[in-house]
Amino acid sequence: MKVTQPIRLTMVGGGSWATALVKILSENNVSVKWWLRKESDADHIKRFGHNPSYLSDVQINARKVKVCTKIRDSFRDSDYIILAVPAAFVGDALAGLKPEHFHKKSVVSAIKGMIPGANQLVTDWVSEQYDVPVEKMAVIAGPCHAEEVALEKQSYLTIASQNPTCAGEIADLLRCRFVQTTPVDDIYGIEYSAVMKNIIALACGITRGLGYGDNFQAVLVSNAMQEIKRFVDAIYPKHRDLSGSAYLGDLLVTAYSPFSRNRTFGTLIGRGYTIQSAQAEMNMIAEGYYAVKSIYEINRRFKVDMPITNAVYNVLYERAAPTGEMNLLKGVLK
């Protein structure tokens, strides 16, 4: 019987989503080099087989996973790179790398955020900075919380790439007994929708913090789906069904789940926390905080009607009172 060599892959990031993805990959014939910035976490994983900072109940398969703290070493000989750090820290994580380090590798973004300041999707930024061809880029999306992956709850992922072969390869790597995967070609629509749903989750959290109920949130989310469609269609016109799990499903789980860090962050803001105190309260990054500024600034050019995004931006960046902004917002929702 022929024994196939394992696929060689690098995971960049030491948070909960990176840990969950490592668990998924460990179910398959994949050899993972896992880069973490914190040497203390890396040492702990090597000694005890679990991440002390995130999803500490997940047992790491030492036969399939090699932990390292030198980014160049982690890239060596890998066929695939998965980026699973907050968008704001992608540049820091990849510092010192050059285009040759990405040569012939497929790069997969598992990041549902945008590069602050540059106002770019992660895939666009990586492609531009490191000369990665578009056909070698992919995105992981879908309603899939890391905490439920840790518990092996049935989950679904969508893998988007303009190259069907690339999307199919990544989908095969991530398919396992508790995760179903689907390859698609709408990389920009899915990536922007994943960014937008975090902004909507912030809005849901703010209204929860202010005492709004389920009735209002249902209207808010249904209006949000229309807002996402208007924006995505304006930027990348394409026939797409936004009722799919990578669009609507991801929005719903992020807007309603107690695992949603963006909803949690918004709830703290609605309850009167300052941005700094809300960030200090959480041990994780709320991607929507950075993303709403990027989307707001991009929309200055497209001028899409986006009342929910505008309201969240005003609260977080213009220091508008949450009560007043949500009062204005509830008057335009239908």
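Guide: Tyr317 has a relative accessibility of 23% and therefore counts as partly exposed; buried denotes under 20% relative accessible area, exposed over 50%, and partly exposed the range in between, with a 1.4 Å probe and protein chains only. Tyr289, by contrast, is buried at 14%.

The model is predicted, so that local features require pLDDT of at least 70 and side-chain atom pairs count only at pLDDT 80 or more, whereas totals for chains, interfaces and linings use all residues. Residues are numbered from 1 along each chain as its sequence is written, and side-chain values use heavy atoms, with hydrogens and water left out.

Twelve aromatic pairs are found in a search of the whole structure; rings of Phe, Tyr and Trp (its six-membered ring) pair if their centres lie within 6.5 Å, with planes under 30 degrees apart counted as stacked, over 60 as edge-to-face and the rest as tilted. Tyr192 and Phe231 make an edge-to-face pair, because their ring centres are 5.7 Å apart and their planes stand at 75 degrees. This pair links distant parts of the chain, 39 residues apart, with Tyr192 in helix 8 (residues 187–210) and Phe231 in helix 9 (residues 214–235). Helices (H or I, at least four residues) and strands (E, at least two) are DSSP runs numbered from the N terminus. Tyr192 is buried at a relative accessible area of 6%, and Phe231 is buried at 0%.

Tyr289 and Tyr317 form a stacked pair, 5.1 Å from centre to centre and with 15 degrees between the planes. Tyr289 belongs to helix 13 (residues 287–302) and Tyr317 to helix 14 (residues 307–317), so the pair ties together parts 28 residues apart in sequence. Both tyrosines also belong to one aromatic cluster, together with Phe265, Tyr290, Tyr296 and Tyr313.

Elsewhere, strand 4 (residues 80–83) is covered on both faces, with Tyr80 and Ile82 buried on one side and Ile81 and Leu83 buried on the other. In a regular strand, side chains alternate between the two faces of the sheet. Strand 4 runs parallel to strand 1 (residues 7–12), joined by four bridges; two strands pair if DSSP finds at least two bridges between them. Ile81 is the bridge partner of Thr10. Strand 4 also pairs in the parallel sense with strand 5 (residues 106–109) over four bridges, where Ser109 is the bridge partner of Leu83.
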